[in-house]
Amino acid sequence: MIKITLPDGSVKEFAQGVTPMDVAKSISEGLARNVISASFNGTTVETTTSLTTDGSLILYTWNNIEGKKAFWHSTSHVMAQALEELFPGIKLTLGPAIDNGFYYDVDFGDQKITDADFKRIEDRVLEISREKHEFKMRSVSKAEALAIYKDNEYKTELIQNLEDGTITFCDHATFSDLCRGGHIPNTGIIKAMKIMSIAGAYWRGDEKNKQLTRVYGISFPKQKDLTDYLELLEEAKRRDHRKLGKELELFAFSQKVGQGLPLWLPKGAALRDRLEQFLKKAQKKAGYEQVVTPHIGQKELYVTSGHYEKYGADSFQPIHTPAEGEEFLLKPMNCPHHCEIFNARPWSYKDLPKRYAEFGTVYRYEQSGELHGLTRVRGFTQDDAHIFCTPEQLDEEFKKVIDLVLYVFGSLGFENFTAQISLRDKENRSKYIGTEENWEKAENAIINAARDKGLNTVVEYGEAAFYGPKLDFMVKDALGRQWQLGTIQVDYNLPERFDLTYKGSDNELHRPVMIHRAPFGSMERFIAILLEHTAGNFPIWLMPEQAIILSLSEKYENYAKKVLDLLENHEIRALIDNRNETIGKKIREAEVQKYPFMLIVGEEEEKNGTVSVRRHGQEGKGNISVTIEEFAAIVDEEIKKTLKTFGV
């Protein structure tokens, strides 16, 4: 008998040779129907794998990420079979699962695959799937594997790097492929599949190698799931921040300025400024002091901090001055500069905590292929702050930062989030700096603070920064996509590296603890995600213009100006559209620009001293006629609903 430990900690005994599917059936028939993959002692296994030793077993369904990956990897095998049948003579290479679906890299030789082929490939995949072929793993000797792929130089290269006794193939139907494993029980579970696109891809990512064709696909256990996914993609296209940023005239890019370097247009600059002022106001209440640091720093500064060793290869090239041996770098991080601000004078324990905040622009060289709108740029502004405190103050300070992050999320409509406790890799400690003792203290501080604040948390090993663990806020947007927004980090190491000290009550020098925090993360990325989350319909307190005044004709321009003046007295941001266009066209264009309110003025409004109010996105619901004071009250109430109150 062997002992199988389940995720809830329970232990069950089974005969040797029991399979994960047998274990699932012993729990419930319902679970067995839904299990599609498993892992045993941390290694992915088939649901039919014989288990012969004691160990920990996790059963995966479609609702688990691991289950989806097994599902998609299995579908890549079926698609590869369909491709071989429809394009005889092609050479298959690799077909892994990815975050959304899978791909297979294929050498099509002289044959071509186009969009017109997608439907027949999809149809053949579903035909094979309906036949309910089981996925079966088998071991193959190196010599046998090389013989099978003697005409496929790509698979041969892969096999040459494998040891005899570690090579496995996966079979289903008449198809066989070199594979490490991780499959669903049979093809019949695949009910819907779509090829998403094709693209060029160099073999093994090396541009010196031959360019292959990468066929991207996705599959689901229900047709409805595919339909929903495609609708979600269409909505994502409509919400794409690059598209909305152009339509709303927020930002632009210029090849002459350089890739990954956004230009903020007047409306976008005003939006950024409102976000900055919003956070600065909260930070002032929380006792932060604003600082400003240069855009460059001596290379030695980043060598001391450890950033150069870790990220030097990804930095812009050093800036050389006329002085021999003098090198500067574009600032990749703000924290070393803030350490030197702290070091500018001696401190007593009575002076702490010190909280330095800066909207500091930093620069990192991202590969051109990885740049993406505002979410991946080469120059970005962090809402950075660093808190220097005594060890006794750490818990309270960390919790105060959590409160600040929650205030930011609440005021901007991010309500669905998980706090990820990002810790060191359990095995590989070489990528981290500092002592074991300091790391344990820092990790425990985060775990305890998150627990005391009642946060919904998950623990991820290997996701810590090189100098300390983090609490990362993983936010789901309106489309259910997950983004990392906001981070808080505990750091015992930079104070050591920069020899930061304060005088304690015992009249001895002590090291402060450092907290790094950025609720937005970066202004660029945060605005991109906020754009897509809201589809450009920002909270009214943040909108560049909160209302647009539409005059029915030029006869009412003077009254429109009077309305504008009155709105400004109420601190409502507005503008006038007095173009010689029909009111219908003005309304349609105002809808595209997403003005929260359209105030229509004509003869009736001028006579009564009112405006006719139309809400964005409420076509056909009718306008209401109100005075300026009444409209100001409507806006004020709307702001109170969305903009939370922050106090310490």
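Predicted model: local features only at pLDDT ≥ 70, side-chain atom pairs only at ≥ 80, totals over all residues.
Trainee: What makes the pair Tyr154 and Trp203 edge-to-face?

Mentor: Ring centres must lie within 6.5 Å, and planes over 60 degrees apart count as edge-to-face. The centres of Tyr154 and Trp203 are 5.2 Å apart and their planes stand at 70°, so both conditions hold. Tyr154 sits in helix α6 and Trp203 in the loop between β12 and β13, 49 residues apart.

Trainee: And why are Phe316 and Tyr365 given that label?

Mentor: Their centres are 5.6 Å apart with the planes at 85°, so this pair is edge-to-face too.

Trainee: Is Phe316 buried or partly exposed, and why?

Mentor: Buried stops under 20% and exposed begins over 50%; Phe316 has 24%, so it counts as partly exposed. Tyr365, at 34%, is therefore partly exposed as well.

Trainee: How do you know that β20 and β21 pair?

Mentor: Pairing needs at least two bridges, and 10 bridges join these antiparallel strands. Gly360 stands opposite Gln382 in β21, for instance. Strand β21 also has 5 bridges to β28, again antiparallel, with Ile387 partnered by Ile515.

Trainee: What makes the charged end of Arg345 count as over the ring of Trp347?

Mentor: The distance limit is 6 Å from the ring centre, and the charged end of Arg345 sits over the ring of Trp347 at 3.9 Å.

How values were computed. Residues numbered from 1 in each chain as written. Heavy atoms only, no water. Helix = DSSP H or I, 4+ residues; strand = E, 2+ residues; numbered from the N terminus. Phe/Tyr/Trp six-rings, centres within 6.5 Å; stacked < 30°, edge-to-face > 60°. Buried < 20%, exposed > 50% of the residue type's maximum accessible area, 1.4 Å probe, protein only. Lys NZ or Arg CZ within 6 Å of the ring centre and 35° of its normal.
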